[in-house]
Number of protein chains: 2
Amino acid sequence: MADAVSSQSSSSVREDGSFDRLSIDTIRTLAMDAVQKANSGHPGTPMALAPVAYTLWRDFLRYDPATPDWPNRDRFVLSIGHASMLLYALLHLAGVEEIDADGRKTGKLAVSLDDIKQFRQLDSKTPGHPEYRITTGVETTTGPLGQGCGNSVGMAIAERALAARFNRPEFNLFDHDVYVLCGDGDMMEGVSGEAASVAGHLALSNLCWIYDSNHITIEGATEIAFTEDVGKRFEGYGWNVIHVDDANDTKAIAAALKTFCETNDKPTLIIVHSVIGWGSPRAGSEKAHGEALGEENVRLTKQAYGWPEDAHFLVPEGVAEALNKALTDHGGKARDDWQALFESYRNSFPTEAAEFNLLRSGKLSEGWQADIPTFPADPKGIASRDAGGKVINAIGPHIPMLIGGAADLSPSTKTNLTFQGAGSFEPGSYDGRNVHYGVREHAMGAIANGMALTYLRSYTATFLVFADYMRAPIRLAAIMEVPTIFVFTHDSIGVGEDGPTHQPIEHLATLRAIPGLDTIRPGDANEVAEAWKIALEHTHEPTALILSRQALPTLDRTKYAAADGLRKGAYILADTGGGDPQIILMATGSEVSLVVDAHEKLVADGIRSRVVSMPSWYLFEQQDAAYRNSIFPRSVRARLAVEQAGSMGWDRYVGFDGATITMSTFGASAPLAKLQEKFGFTLENVVKVARELIVKNE
Amino acid sequence: MADAVSSQSSSSVREDGSFDRLSIDTIRTLAMDAVQKANSGHPGTPMALAPVAYTLWRDFLRYDPATPDWPNRDRFVLSIGHASMLLYALLHLAGVEEIDADGRKTGKLAVSLDDIKQFRQLDSKTPGHPEYRITTGVETTTGPLGQGCGNSVGMAIAERALAARFNRPEFNLFDHDVYVLCGDGDMMEGVSGEAASVAGHLALSNLCWIYDSNHITIEGATEIAFTEDVGKRFEGYGWNVIHVDDANDTKAIAAALKTFCETNDKPTLIIVHSVIGWGSPRAGSEKAHGEALGEENVRLTKQAYGWPEDAHFLVPEGVAEALNKALTDHGGKARDDWQALFESYRNSFPTEAAEFNLLRSGKLSEGWQADIPTFPADPKGIASRDAGGKVINAIGPHIPMLIGGAADLSPSTKTNLTFQGAGSFEPGSYDGRNVHYGVREHAMGAIANGMALTYLRSYTATFLVFADYMRAPIRLAAIMEVPTIFVFTHDSIGVGEDGPTHQPIEHLATLRAIPGLDTIRPGDANEVAEAWKIALEHTHEPTALILSRQALPTLDRTKYAAADGLRKGAYILADTGGGDPQIILMATGSEVSLVVDAHEKLVADGIRSRVVSMPSWYLFEQQDAAYRNSIFPRSVRARLAVEQAGSMGWDRYVGFDGATITMSTFGASAPLAKLQEKFGFTLENVVKVARELIVKNE
């Protein structure tokens, strides 16, 4: 093969496979060299899967290196994010061009050879795990295992939804596929099982997972922990299962991929048996997984490949050109055809074309807020989950790609879209707007992210306590800066009789702690409307919308400040005036009306009081110091925060001299009124503690 | 049947099944009546599964109502915790006797009829979901779906481990089974799939899941979201799968359970088809799931059962007596035999018998700490994960039932027990001490809780960022007050090149926010030793042990305070003296040595400085006010907290006038030193900010 390196200069030599082998070994050696230079990373899997990924990209993936943001491109998801060098090598060899945040070409490669030499270095385009927005061509951020699998189901759903919405006879705008490379770890994680069950149920025949079964995990052979029959399990999920015995057998891989392409009624799992670190002295060992091979092993491996032993980051002439050409011949042409089709579509269906372009831009249609109700003052009020249901059903018709669902709780979360034509997203009705996720919170989050990555405005819903089941996708939405909306209802001990297992305590704090996530807990129906507006206006932030089970009074906004104060995160609902307040009462969600009542009682007793609604700490922290100080003047030290949740984080606003009425333990099973009494969320107690604070701080 | 209610007075009438039916309908009507009285709860599943549960308890469960804490009892786990009335009805009818926290009989029933009438009321023994420690006979707290399934695998592992440790020829001290009732929701959750895969791999033939396939979920028919072939999936996991077509067919149920009892090489799944709300006008509808049936429906249902329509909470004469007798004849006798066997065992194997009694008491053996190393001062030091590995390997030989494992990361978390005989827990070597959980964090947590509920001291390990995958079991350990130990390594941007998907930011805050969880982040190797001691001494609190990937200097404890200060959560490492400090520097984990260095620099410049190590906020908050004020005097306002994590929660200690050097964004992929520079975790920056604080607060 060493000769081949110098003698092969085009893709013309293919019959004997030697040029393929050259290309494949280029991927392998780039991965080895990059990991070795960084002295950190995962060489073994790129080495094992190079033939698989090369075959997929060269002969199947409909992808235009010159237009990597073409909407109808096939998606490639590297769920085994630790094998990032495999993707970087492919992006480099394919000659994928870089696109900036505004969708413009920069004139650079997405990944240059210099970028590969900067693998895992600060501010490089080649971080340890692939990061969406950092590197053109990375379709989703992966690393935490199973997440890419979940995302891919959302991407496949999105393709079906886009096709249902935009395709017309003779205008197949959307018909792309979603490919995933995944591994033993992905297969062991429950989230991938949940996602696979959803994909099988939805008959997503546009979805192909390629599972690298390499018999090795970090602790050793998979036999120590993973002996199940994965193929049988996936048949149980309703998948088409194909086995490829040798990852180096590119013909068998191509045949399997061809079968996938011809399968129209179910998703496909291709189980590929591979040897981790193929060709190296560490081949087949867990030692090939997560560390550099070492200079000597790299040399020996190159020797085994017939590669120049002392060459580093070598891309033999013709290898990159050939892969670029293959992709361009296939995907580039498809993209050109699509562009022509779209021009014609624009003439025939101008409204639909405009709608899709708006979607691409991340903008919302003119007047999308027009039907959002204003809720009249009402001392009895409605639950914020009910208000949420009214609001999304007012917005839904204006944002056709607002598609969401619950983890088998929509009658409780009130998140069903119920207007004419909304329907269920099911096989046979991919134009439906309601996804029935089943009791699969984790996959729901990951799927929703995949949808958000494919032009959809996706939302999820479950009870707040079950946010625990879907932390990883919420975090990844924040890392990726995609505006997935996570609705969480039953947001406190307000859950009542279901008891401590169903009553969130720490969950508000745990969401507020995620950087870049806007956690909003609106205090009444009109704040709910504002919260949904903000959530949909976000283009780079996911939102967690926290809603109550129980009815909340709708505040009289002629008496108290307008609900759009929510846009600043915290705002003064009412203030006695006549100098600095003697006390600031602050609250979110269901406790806002409680502190409003306390405020009124204190005011009636001649106390200068201020009451602050604080639905979003995130938005508040983005305001300038002047605004923040205008809400919470430093000089006012008597401050009381009331929230039916743990206290963590409130000290930032109440300080050493203030106090909180919060939960210091888990809740209990009982009717809400009994719980409020037990835990001190009564008007009497709030007034009492406020008075004590005033005296203490005088 | 109405006649039957008055005429049947003993269990003598069995041949025609009418007495069984009477007993079954008693369970059903108790569930209906309790939910109706509370006007809250889940009647439909108890009504559907009463025949299944009754058959299991009456004829198979080896359980002594008079000694519900008998160690070798079969375990019954209601993973469908919302069906709690099924369990409460069984506990009542079986006449299970109450045991208090000290293991003494109270003379009361575990669940009286009055308790059932208090269903879902404050401080009752019949909360909405079954709660361990609240109600005798509840083996684990369930409600969040899938958790009971996960726990059950831990319980089955524990049985195998106890048998391997204590059984001797002729002395089968442990040979019990674990039964689970689970539902569609359990089956959809990924955690149950992970747990099932583990159980199949480990060939846990002592484990039987009875899956209630009722074709209904909250959003409607299961067909809208759940059409997979569960049986096939479980065959893929290596389970024995049995189908029962009708939940009312007690003969078929008994036959299936018999097959389970005879299966010795794999776990068993019995799929039972049932009708939710059986016999009621809402039968087969999702409306029978989660709310009271309504007075009229209750009446009509009783009519359909041939039950006195106006009778409430009726237990026909003989029903309770018969169930109690059946259990006592079988389980009571088994328990008596076991007790005699144990007395004989104590004579033959006094050491082992004493060891088991110690285990039951929750106490640790004399001298268990004897081999824990003291780490000498070392400026280079060792990673706290490495120190952790040394410590558990010093403790392990003294606590034979300390059994743990990692989610396929033990070479990285350093949690493997490596001493002679520790070995792997695998089929054929159930005496192994290391469980290979595979990449299944969520199941790992739930399994570890099941082990902790069955006399074992169980620990888990993974990277801190993956705590996100296992939040629910961590929370449930805290709710249940079981001392599971959760080890999390790679605890900050110290992860380095793996980048933001692998760098925890918010995770410390999210763990500290869980009530009753002791989160400890030790600052050097000697604090690691103290942390492990505390974790093992806890009997009612789970512990999260937070350890570094990177090396941490080992502090010179002749110069700085002793590491056992950790027992108070926070302690003064050093203080200049000569009056109140001008600045208090505080930190945890890897940042302790950084603030110590800053302290030394400030002291060298004549500044009065105090440095506080603060490994456990949880323990610190339990100290009295005098101690807390002695660490953080109110008058000292210049306070600086340094932690390579998000700032949430630190305001409690630094106040309005202090500052934090913490992470306000996600991390990045780069070598650690570069990251520390980028994010301000350098000696220069700490000293600079400290000086600014001193000036500001002068």
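# Briefing on chains A and B

Gly294(A) sits in the loop that joins strand S9 (268-273) to helix H11 (295-305) of chain A. The model described here is predicted. The points below cover the two-chain relation, the chain as a whole, and two loop residues.

**Relation of the two chains**

**Overall form of chain A**
- For 698 residues, a compact globule would have a radius of gyration near 26 Å, and the 28 Å of chain A agrees with this.
- The C-alpha trace of chain A spans about 95 × 60 × 50 Å along its principal axes.
- Of the 698 residues in chain A, 67% are buried.
- Among contacts in chain A with a separation of 6 or more, 76% are between residues 24 or more positions apart.

**Surface and charge of chain A**
- The accessible surface of chain A is about 21500 Å², and carbon and sulfur atoms contribute 48% of that area.
- Chain A carries 63 positive and 89 negative side chains.
- The centres of these two sets of charges lie 5 Å apart.

**Gly294(A)**
- Gly294(A) and Arg608(A) are 314 residues apart in sequence, and their C-alpha atoms are 71 Å apart in space.

**Arg634(A)**
- Arg634(A) belongs to the loop between helix H22 (625-631) and strand S22 (639-646) of chain A.
- With a relative accessible area of 43%, Arg634(A) is partly exposed.
- Which residues does Arg634(A) contact, leaving aside its neighbours within four places in sequence? They are Arg639(A) in its own chain, and Phe656(B) and Asp657(B) in chain B.
- Gly655(A) is 21 residues from Arg634(A) along the chain, and the C-alpha atoms of the two are separated by 9.9 Å.

Terms used
Residues are numbered from 1 along each chain as its sequence is written. Chains are lettered from A and ligands numbered from 1 in the order in which they are written. This is a predicted model: local features need pLDDT of at least 70, side-chain atom pairs count only at pLDDT 80 or more; totals for chains, interfaces and linings use all residues. Side-chain values use heavy atoms; hydrogens and water are left out. The radius of gyration is taken over C-alpha atoms; the globule rule is 2.2 Å times the number of residues to the power 0.38. Buried means under 20% relative accessible area, exposed over 50%, partly exposed in between (1.4 Å probe, protein chains only). Contact means heavy atoms within 4.5 Å. Accessible areas come from the Shrake-Rupley method with a 1.4 Å probe; for residues, only the protein chains shown count as cover. Lys and Arg count as positive and Asp and Glu as negative; His and the chain ends are not counted. The place of a charge is taken as NZ of Lys, CZ of Arg, CG of Asp or CD of Glu. Helices (H or I, at least four residues) and strands (E, at least two) are DSSP runs, numbered from the N terminus.
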